[in-house]
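Keep the structure open while reading.

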Amino acid sequence: MKTIYTDDHRLHHAACELIGGKMMPAFECPQRADIVLSRVRQVGLGPVIAPTRMGISAAAKVHDPKFVGFLESAWALWDAEHGDGSDALPMTWPARSLRQIEPETIDGKLGFFSFDAGCGLTKTSFTAIASGVEVAMTGVDLMLAGEKAAFSLCRPPGHHATSDQMGGYCYLNNAAIAAQVLTEAGRRVAILDVDYHHGNGTQAIFYHRGDVFFTSLHGHPTQEYPYFLGYDDETGAGEGEGANLNLPLRWGSAWDAYGPALDVACDAIAKFGADMLVVSLGLDTFEQDPISKFKLKSDDYLRMGERIAKLGLPTLFIFEGGYAVEALGVNTANVLVGFES
Ligand code: OKP
Ligand code: ZN
């Protein structure tokens with residue numbers, strides 16, 4: 001399969017993140033995509049191509065245009081206010097009991113358009129974020145041209161981003177944008193989210209719709225980020241009733257629990273009658289992931305790819321999380337190689 005990639009992802013490199021009560025180097029870093037790209041080349045997965053520079057108008061199909069405009073302008077507003085070149089970072093949110101009104105000043109806007117402090121913005125972040133959308137959309141074009149599979153190697157990830165909020169290292173929801181455009185092109189799309197964290201943004205975007213199926217395997221929200229969505233009683237609403245399937249698993253889950261849950265997800269995708277699959281491909285289910293608590297081993301990712309391939313669907317893989325950088329190339333390529341075997 002083809003891999004879509006551009007160096008522009010490197011333009012997003014947050015200095016640090018607040019985690020476990022300490023300022024730490026950001027886990028979501030450029031080395032992640034670099035090591036995946038080099039492994040893709042090493043195993044000879046297929047050609048690596050640059051994204052088509054089509055712009056990001058497709059983002060407005062699932063995101064509030066005001067939010068996209070905010071992302072584009074946020075760092076400049078921040079720098080005009082703070083003026084020291086630092087990363088823009090939200091710290092106050094319109095939580096329970098507070099009003100949902102967009103403030104005029106940048107610190108307030110940052111809180112209004114986010115749900116956590118995991119989303120620093122550097123001077124050049126937006127260029128990287130926009131390139132991620134183009135990488136995903138170029139994958140869409142390949143699928144619509146009849147490819148059996150493609151790998152959009154985008155950064156930063158997207159699955160936590162809602163229609164109008166960034167969070168969890170995610171700004172624009174690459175997978176949701178791809179699924180929406182594929183749906184508008186007449187495909188019946190299922191999204192399979194195998195990132196360790198629940199894809200709350202993707203779920204929220206499609207929750208009231210019956211034309212896109214969303215299923216996710218992830219750390220149980222009683223234990224794991226993003227905590228406030230991802231329970232198994234979230235089955236969709238209105239026309240979307242039955243088109244959402246969450247499979248939360250407890251901390252410590254290994255392939256003996258993960259494999260059967262993946263079977264359930266795949267059976268539901270088949271029952272939905274999907275003719276196109278979008279995979280939110282996060283590799284933070286790995287046993288050595290520094291921020292996660294599942295126990296998958298490198299070989300398990302071959303099984304994962306094989307199981308997804310058994311669906312027999314054209315499949316667009318969109319890169320999400322995974323923070324054990326050294327093993328990230330092997331684990332990612334194992335899913336894709338397992339899929340093709
Ligand atoms: C993004 B993706 C861990 C705190 C987690 C944010 C994690 C974002 C993950 N104790 N902070 O889904 O890989
Ligand atoms: Zn994750």
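## A buried helix

In this predicted model, the buried residues of helix 5 are Asn174, Ala175, Ala176, Ile177, Ala178, Ala179, Gln180, Val181, Leu182 and Thr183. Helix 5 spans residues 174-184, and because ten of its eleven residues are buried, the helix is largely enclosed by the rest of the structure.

The elements that cover these buried residues include helix 4 (125-144) and helix 6 (200-206). Strand 6 (189-193), strand 7 (212-219), strand 9 (276-281) and strand 10 (315-319) are also among them. Helix 5 is followed by glycine 186, which has a positive phi, near 100°.

## Packing against helix 4

Two packed helices are described by the angle between their axes and the distance between the axes. For helix 4 and helix 5, the axes come within 9 Å and cross at roughly 30°. Their crossing is right-handed.

On the helix 4 side, the contact involves Gly132, Val133, Ala136, Met137, Val140, Met143 and Leu144. These meet Asn174, Ile177, Ala178, Val181 and Leu182 of helix 5. Sorted by class, this contact has ten nonpolar residues, two polar residues and no charged ones.

Aspartate 195 is buried, with a relative accessible area of 1%. Histidine 197 is buried as well, at 6%.

Note on methods:
Residues are numbered from 1 along each chain as its sequence is written. Chains are lettered from A and ligands numbered from 1 in the order in which they are written. This is a predicted model: local features need pLDDT of at least 70, side-chain atom pairs count only at pLDDT 80 or more; totals for chains, interfaces and linings use all residues. Side-chain values use heavy atoms; hydrogens and water are left out. Buried means under 20% relative accessible area, exposed over 50%, partly exposed in between (1.4 Å probe, protein chains only). Helices (H or I, at least four residues) and strands (E, at least two) are DSSP runs, numbered from the N terminus. Contact means heavy atoms within 4.5 Å. Axes are lines fitted to C-alpha atoms, for helices over the stretch in contact, and angles run from 0 to 180 degrees between N-to-C directions. A crossing is left-handed if the near helix is turned anticlockwise from the far one by less than a right angle, and right-handed if clockwise. Ala, Val, Leu, Ile, Met, Phe, Trp, Tyr, Cys and Pro count as nonpolar, Asp, Glu, Lys and Arg as charged, and the others, Gly among them, as polar.
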